[in-house]
Amino acid sequence: MSGLFITLEGPEGSGKTTAALRIVDTLKTLGYEVVYTREPGGIEIAEQIRQVILDPKNTAMDAKTEALLYAASRRQHLVEKVMPALQTGKIVLCDRFVDSSLVYQGMARNLGIETVYQMNLFAIEDVMPDLTIFFDVEPTVGLARIAADNTREVNRLDMETIEFHQKVYEGYLEVARHFPNRIQSIDASQNQDTVFEQCLSLIKSRL
């Protein structure tokens with residue numbers, strides 16, 4: 001595929017979505033064809049699955065069920081939106097991808113990172129990001145941002161314990177160590193302008 005696949009990862013409240021929107025606008029201004037999307041979601045079927053996964057009422061959801069729903073959503077999103085865009089040479093900027101499953105279900109839900117990775121190989125085949133930017137921020141900082149933002153939806157993952165979110169953070173650090181060539185970390189506790197500029201610099205280095 002001739003396009004460029006970039007994913008943004010980070011714990012809740014890391015600021016990646018805010019940065020993503022600025023990055024997309026900037027790249028389009030520079031003349032690049034950019035598709036911005038998100039996981040879970042991005043297309044109708046995947047958005048329906050997202051509603052089930054993140055519904056605060058679904059507290060009885062089993063960890064393996066959750067992991068399988070994410071993988072199903074990912075597969076449909078990939079074949080319907082991501083791969084066609086990459087095949088036509090576009091830049092795809094995706095808010096979360098397989099690394100989220102590795103840390104949220106693999107690490108925080110105790111399913112095992114390798115187990116969840118093998119589960120997702122069926123969904124993604126050999127499609128992996130060319131670049132992943134990890135928004136590195138301590139869970140207490142991210143959750144404080146969420147608490148202060150009354151415009152943001154509160155989903156089932158936001159309601160988890162601080163111990164859960166700490167496991168997510170530790171999982172990201174582990175996955176970043178495992179894929180040092182693909183995953184580039186930035187200090188997401190910095191102000192929005194600095195984070196945006198650092199993200200843009202990393203992306204330009206791959207264009």
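**Close-up 1. Arginines over phenylalanine rings.** Arg-182 lies over the face of Phe-179, at 4.6 Å from the ring centre, and Arg-74 is placed over the face of Phe-97, at 5.6 Å from the ring centre. A charge counts as sitting over a ring if NZ of Lys or CZ of Arg is within 6 Å of the ring centre and within 35 degrees of the ring normal. This is a predicted model, in which local features need pLDDT of at least 70 and side-chain atom pairs count only at pLDDT 80 or more, whereas totals for chains, interfaces and linings use all residues. Residues are numbered from 1 along each chain as its sequence is written, and side-chain values use heavy atoms, with hydrogens and water left out.

**Close-up 2. Aromatic pairs.** The whole structure holds 3 aromatic pairs, where rings of Phe, Tyr and Trp (its six-membered ring) pair if their centres lie within 6.5 Å, and planes under 30 degrees apart count as stacked, over 60 as edge-to-face and the rest as tilted. One of them joins Phe-5 and Phe-97, whose ring centres are 5.1 Å apart with planes at 75°, so the pair is edge-to-face. Because Phe-5 lies in strand 1 (residues 4–9) and Phe-97 in the loop between strand 3 (91–95) and helix 4, the pair ties together parts that are 92 residues apart in sequence; helices (H or I, at least four residues) and strands (E, at least two) are DSSP runs, numbered from the N terminus. Phe-5 is buried, with a relative accessible area of 1%, and Phe-97 is buried with a relative accessible area of 1% (buried means under 20%, exposed over 50%, partly exposed in between, with a 1.4 Å probe and protein chains only).

**Close-up 3. Helix 5 and its buried face.** The buried residues of helix 5 are Ile-113, Val-116, Asn-120, Ala-123 and Ile-124. Seen down the helix axis, these buried residues fall within an arc of 70°, so they line one face of helix 5; the arc is that of the directions from the helix axis to the C-beta atoms. The cover over these residues includes helix 3 (63–87), helix 4 (98–108) and helix 7 (162–178), with contact meaning heavy atoms within 4.5 Å. Glu-125, which follows helix 5, has a positive phi, near 55°.

**Close-up 4. Arg-50 in helix 2.** Arg-50 is found in helix 2 (residues 44–54) and, at 12% relative accessibility, counts as buried. The Arg-50 side chain reaches the backbone oxygen of Pro-40 at 2.8 Å.

Note on methods:
A polar contact is a pair of N or O atoms within 3.5 Å; within protein, one must be able to donate a hydrogen and the other to accept it, and residues adjacent in sequence count only if both atoms are side-chain atoms.
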